[in-house]
Amino acid sequence: MMNFRQVAQLGLSILHAFKSHLHEPAYLLVTAAVSGALTVLGFAPFYFYLVPFATLLVLYWLLDQSSTPGQAGWVGLSFGLGMYAAGLSWMVGTLHDFGEMPSWLAYISTIMLCLYLASFTAAATWLVVYTRSLWFLPVAWGMADWLRSWICSGFPWLTMGYSQVPSSVLSSYLPVMGVYGLSIIVVAMAALIFYMLRFRGHRRWINALSALVIAGIAMTLHHITWTTQIGAPVSVALLQGNISQQTKWSVEQSKQIILSYLDLLDQADARVVVLPETAFPIYRSQAMGKTRGKLLGLASEKQADILIGMLDWQDGAEGRKKFNAVVNYGISGLQIQHKVHLVPFGEFIPLPLLFAPMYAYWFHMPHNDFSVGKRQPLFSLGQAEVAISICYDDLFGGDLAEYARNADYLVSVSNGAWFGKSAGLEQYLQFSQARAIENQKIIVRASNNGVTAFIDKTGEVIKRAPKDERYILRHRVQPYHGSTFYNLWQDTLFWGLELIGFITLIARLWIVKKNSQNHSTCV
């Protein structure tokens with residue numbers, strides 16, 4: 001049997017052997033992919049927010065070892081591919097189980113999506129090595145995260161800033177600069193740690209001091225009171241119907257689904273009752289007669305506002321448009337909000353000339369022809385002004401912050417059945433947690449099968465319903481008055497950091513080029 005000393009010697013030998021090969025391209029790429037996959041531990045459902053600093057530290061080291069910009073691009077692609085493949089593996093099940101896509105195509109489609117998302121990471125790492133400006137990676141990474149949220153309506157999943165939500169002290173930057181600004185902060189902190197380990201003497205202490213300044217600002221921001229309590233708490237009930245996605249859009253089952261939710265409504269005694277996204281699988285125009293009468297009767301009897309997710313349509317100059325909507329049937333009167341941000345491929349087909357054939361033969365998602373809605377006034381529910389967010393709207397913090405500026409609390413509805421039992425449910429919850437911190441107001445979140453929850457303004461979950469159960473979750477919600485810096489200015493500070501970074505990079509390159517020309521002239 002080996003003793004401790006022999007085990008230690010063996011471990012050192014393995015590390016030495018590994019290190020001797022680490023400069024080889026294959027080892028660089030494998031190390032980058034593994035580091036990227038481990039980065040997912042910083043996100044929900046794990047919440048190990050320190051892990052991304054370690055994996056980004058490895059990425060910095062790998063980029064420092066990269067001999068060419070091309071090699072750095074491959075390192076970034078491998079890191080991103082590892083991260084997105086580990087974090088989005090649930091998409092295979094979603095495409096196959098609910099989109100009726102063949103298994104082979106579901107795997108290929110998920111891999112292609114991960115490659116697409118990883119290409120943004122690759123572009124960032126290529127740029128910093130091409131310009132010989134490793135310090136520029138936080139700015140490049142922040143821009144890459146933002147671009148992912150914008151192109152083709154955006155898919156901002158696993159944005160680096162979310163890894164600090166809700167428990168890290170760095171999350172206190174959210175009410176100031178949002179999740180994209182926080183992405184810059186996270187990657188910058190990893191850069192400072194890397195330079196602290198790399199340099200000696202005063203340069204090490206300068207980087208250590210810079211890291212302490214960033215942490216000190218975060219602690220200061222943590223103690224700022226952005227919003228204050230106003231009025232009495234409001235009783236809110238969230239209904240989780242736990243309707244199977246396979247039967248949700250069945251015409252034969254629609255009546256039974258509505259009756260199931262009406263039964264839950266009978267049991268929900270609260271001032272505000274919230275049903276999930278498309279809880280009623282019908283159009284608003286179909287919710288007439290007995291259904292509408294029952295809803296209005298319950299609202300009058302309970303003196304409640306009843307917010308229901310359903311479909312809606314409107315006629316316009318371009319013909320009839322279909323919307324994903326939340327409708328209030330309560331005592332505060334009819335109020336409607338349409339979904340503003342649509343899920344690519346799930347609710348609309350991006351680049352239809354390219355992807356429409358896939359829908360025709362291999363992919364069958366119900367209602368993939370929604371139209372983009374417009375922001376309507378806040379819902380007035382009694383004495384409270386309430387912002388409404390429908391599922392994918394939760395991923396766009398700047399837009400929601402501007403809309404919710406004068407809200408007293410936020411309501412978010414979603415249909416988590418698309419995620420099955422995967423980590424996607426918890427990842428979606430983390431987006432809502434970030435929105436609560438950005439706005440410094442409580443978010444009430446109703447989902448079909450989970451995660452139905454009440455989220456405090458600090459991002460902590462106050463209460464949550466068990467997943468995959470028919471359930472009524474109740475809580476008294478405290479309204480808050482006031483606005484955060486992010487409510488007022490959205491991503492202004494993020495763009496300010498980006499502008500400063502790019503100007504600094506251009507200036508540095510210009511100085512280097514000028515010095516090079518002067519040196520050539522002297523020679």
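I began with Phe494, which touches Gly142, Met143, Trp146, Met177, Tyr180, Gly181 and Ile184, leaving out residues up to four places away in sequence; contact means heavy atoms within 4.5 Å. The model is predicted, with local features needing pLDDT of at least 70 and side-chain atom pairs pLDDT 80 or more, while totals for chains, interfaces and linings use all residues. Residues are numbered from 1 along each chain as its sequence is written, and side-chain values use heavy atoms, without hydrogens and water.

I placed Phe494 in helix H17 (residues 492-522); helices are DSSP runs (H or I, at least four residues) numbered from the N terminus. Is Phe494 buried or exposed? Phe494 is buried, with a relative accessible area of 0%; buried means under 20% and exposed over 50%, with a 1.4 Å probe and protein chains only.

I next looked up the largest nonpolar core, which has 113 residues. Such a core is a set of buried Ala, Val, Leu, Ile, Met, Phe, Trp, Tyr and Cys residues joined through side-chain atoms within 4.5 Å. Trp157, Val236 and Tyr409 touch the most other members, and helix H8 (residues 174-198) gives the most to this core, with 16 residues. I noted a second, separate core of 27 residues, including Leu239 and Ile258.

Finally, I examined helices H2 (residues 25-39) and H4 (residues 69-87), which pack at an angle of about 35° with their axes 6 Å apart. The axes are lines fitted to C-alpha atoms over the stretch in contact, and angles run from 0 to 180 degrees between N-to-C directions. Among the contact residues are Leu28 and Ala32 of H2 and Trp74 and Phe79 of H4.

Definitions and conventions:
Helix = DSSP H or I, 4+ residues; strand = E, 2+ residues; numbered from the N terminus.
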